[in-house]
Amino acid sequence: MSPPPPRVTVIGIGADGWDGLGPVGREALRTAEVVIGGRRHLGLLPPECEGERVPWPSPLRPAVPGLFAAHAGRRVCVLASGDPMFFGIGRTLAELLGAERLRVLPHPSSVSLACARLGWALEETEVVSLVGRPSATLTRELYPGRRLLVLSAGADTPAEVAGLLGERGFGPSRMRVLEQLGSERERCVEGTAEAWPHPPGDPLNVIAVDCLPADGARRLSLTPGLPDTAYDHDGQLTKRHVRAATLAVLAPAPGELLWDVGGGSGSIAVEWTRAHRTCRAVSVERDPVRAERVRRNAAALGVPGVTVVTGAAPGALAGLPTPDAVFIGGGLTAPGVLEACWSALPPGGRIVANTVTLESEALLADWYRRHGGDLVRLAVSHATPVGTFTGWRQAMPVTQWAATKPLDSQGPGAYAADPAGSVEAAQGETR
Ligand SMILES: C[S@@+](CC[C@H](N)C(=O)[O-])C[C@H]1O[C@@H](n2cnc3c(N)ncnc32)[C@H](O)[C@@H]1O
């Protein structure tokens, strides 16, 4: 048996550079034959580190296997920012090389340093990274009294965050921008979001936000069943009470992927994705105007990562990554939609289909007969004025079929050709 390949030492380094490293990290760097890292990090090494310095290629991820194969058998160190396992290169290396090949020496992360400066308890601070993510992501985290730490993408991020807070009704929030944490150039500037006074500063910064709403700011819970007025819609919207009941049976769990077939205004995909920051959803909508509306609603409600596929099911489902759950809110009578969704589900996957028409209801009754599950009728009435009195106004009753694919069944089938694929990959192909 051949010996295991030598471990790669991944060393977290702060803005204080070499001075801030511990003895173990310094020794590893002094004796390394190869040091891989960003140019800025490599520039922090003193001359006594004589190993070959290799800057990361771009794009980084696809180059990683070849890069480490090229230096096989040599003592390799990787330099990373702060804690390599916190929004850092450590994750990529663990995924591509295997965790057992890594020896990680963390430095305090920018978030730990910021909490130290602010006197904030780390476990009560919400951390949001805007590196490579739109600022709309923050919307999901805005609650009165919450403390947020935002990892900036660069010098312009503080003004962007200030703008977003203002748009979302959190203009009075206090913002502090902590730059170059741990270095001699460390500084903190502050102001309120609605009157952010500072020009762009240092690109290395984190933003501390004390969330404070303006009078009348919208209050949007993370629990499903947001008010219908939270959505821009043309009437094609699963209404609040039915939506809450639907999300309850869809039962999102962290990391899971939903197909929202017949996206309409996107409310099911949006509330699935709001359930946990690792939940993902693909909304499939045949009407391009509505598809665009799904995108806007997703961004406005803090989940801009919802993938929107413009196209009609079942054709538009081809090649999407395997879902954990499927919701069918439109297109039930289109030939092959139910079959495609059912066959795409893995064993244990959930399907939920809603309809208000007799034609689709007949279909659901047939699937209920064949596959079991729950067939439910949801009838919601609202009290409305009747002259000077009040009476019930009944919304169209919704028939809902919900089922779980048996654990001993076959799946996923032909419509999930890419079980390991990412939603992003699917987005690129189908948009
Ligand atoms: C009742 S709405 C769904 C409402 C949605 N759940 C929401 O809350 O916004 C039905 C939607 O399905 C879309 N649709 C109908 N047939 C479709 C198909 N075969 N593929 C994709 N979308 C379809 C319609 O354009 C419409 O927007």
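Trainee: Which residue just after H4 takes a positive phi?

Mentor: Gly98 does, at about 100°. Helices are DSSP runs of H or I of at least four residues, and strands are runs of E of at least two, numbered from the N terminus. This is a predicted model, in which local features need pLDDT of at least 70, side-chain atom pairs count only at pLDDT 80 or more, and totals for chains, interfaces and linings use all residues. Residues are numbered from 1 along each chain as its sequence is written.

Trainee: Which residues of helix H4 are buried?

Mentor: A residue is buried if 20 or more other C-beta atoms, placed from the backbone, lie within 10 Å of its own. In H4, residues 89-97, that holds for Ile89, Gly90 and Leu93. Seen down the axis of H4, these buried residues fall within an arc of 100°, so they line one face of the helix. The arc is that of the directions from the helix axis to the C-beta atoms.

Trainee: What covers the buried residues of H4?

Mentor: Contact requires C-beta atoms, placed from the backbone, within 7 Å. The cover includes strands S1 (8-13), S4 (76-81) and S5 (102-105).

Trainee: How is the chain divided into domains?

Mentor: Domain bounds come from an automatic or database domain assignment. Here they give domain 1 (8-107), domain 2 (112-210) and domain 3 (228-430).

Trainee: How many residues of domain 2 are in contact with domain 3?

Mentor: Six residues of domain 2 are in contact with six of domain 3. The C-alpha centres of these two domains lie 35 Å apart.

Methods:
A residue is buried if 20 or more other C-beta atoms lie within 10 Å of its own, exposed if 12 or fewer, and partly exposed in between; C-beta atoms are placed from the backbone. Two residues are in contact if their C-beta atoms, placed from the backbone, lie within 7 Å.
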